Amino acid sequence: MPVQAPFAGLPTFSNAISGGLMLAAVLGLSLAASTSAMAAACEVSMEQTWLGDLVASARTSGPCDAASIDLVVRNGVDEVVWSASHASTDLFGFDGIADADSMGIALGDWLGDYADNSSSSRLPEWPEGVDMPDAGEFPFYVEEGVSRDVYETLRTADYPMVCYIQGHESTLCLVMQPDAGALTNVGAQSFPG
């Protein structure tokens, strides 16, 4: 006949540890899920007018400290004339972003204050017989496939141009030709980072 102890209904030490670990695991998963949800809550949208009648729209997704930024530029009849995706970790001005408010400020600066609306005549001259434009201390890197002749034609035509930050130390320059259906990427201007 088995002996019944008065404490037989209480959990044993090994069951208590097992139950405690289970509770810790459930709480840990719950905490990790809420932390993950908070990090993913960095969805910010912003619009800015570029070159008078283009609307540049940016939308972020993912965690604030490593968000993906989708940029879409539309003309006056809502046609897409440029689009690109950037990792915020690769862009000047997005270091240390921890929340949606800070992301909104950085995004506003990126589309607004840091975007240079100007003219293609501000591009550095590309002298004949050299490999790239003469931009002095901070080189201008011509987009692959853009020849010297095309570059110089765009530069001397004095078309509207916007350059926006596309790296830690460079801006991407886009030219708006009157009859083109899209912005033309002419290259990247480096700047001190």
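I shall describe the sheet and its helix, and then a single arginine.

This is a predicted model, in which local features need pLDDT of at least 70 and side-chain atom pairs count only at pLDDT 80 or more, while totals for chains, interfaces and linings use all residues. Residues are numbered from 1 along each chain as its sequence is written, and side-chain values use heavy atoms, with hydrogens and water left out.

In the order E1-E2-E3-E4, 4 strands make up an open sheet with antiparallel pairing. Strands (E, at least two residues) and helices (H or I, at least four) are DSSP runs, numbered from the N terminus; two strands pair if DSSP finds at least two bridges between them. Strands E1 (45-50) and E4 (80-87) are at the edges; each has a single partner strand, so one side of each lacks a neighbour in the sheet. E1 pairs with E2 (residues 54-61) over 6 bridges, in the antiparallel sense. Ser45 stands opposite Arg59 in E2.

Let us now turn to the arginine. Arg155 belongs to helix H3, residues 148-157. Is Arg155 buried or exposed? Its relative accessibility is 15%, so Arg155 counts as buried; buried means under 20% relative accessible area, exposed over 50%, and partly exposed in between, using a 1.4 Å probe and protein chains only. Leaving aside residues up to four places away in sequence, Arg155 touches Ser120, Ser121, Leu123, Pro124 and Glu125, where contact means heavy atoms within 4.5 Å.
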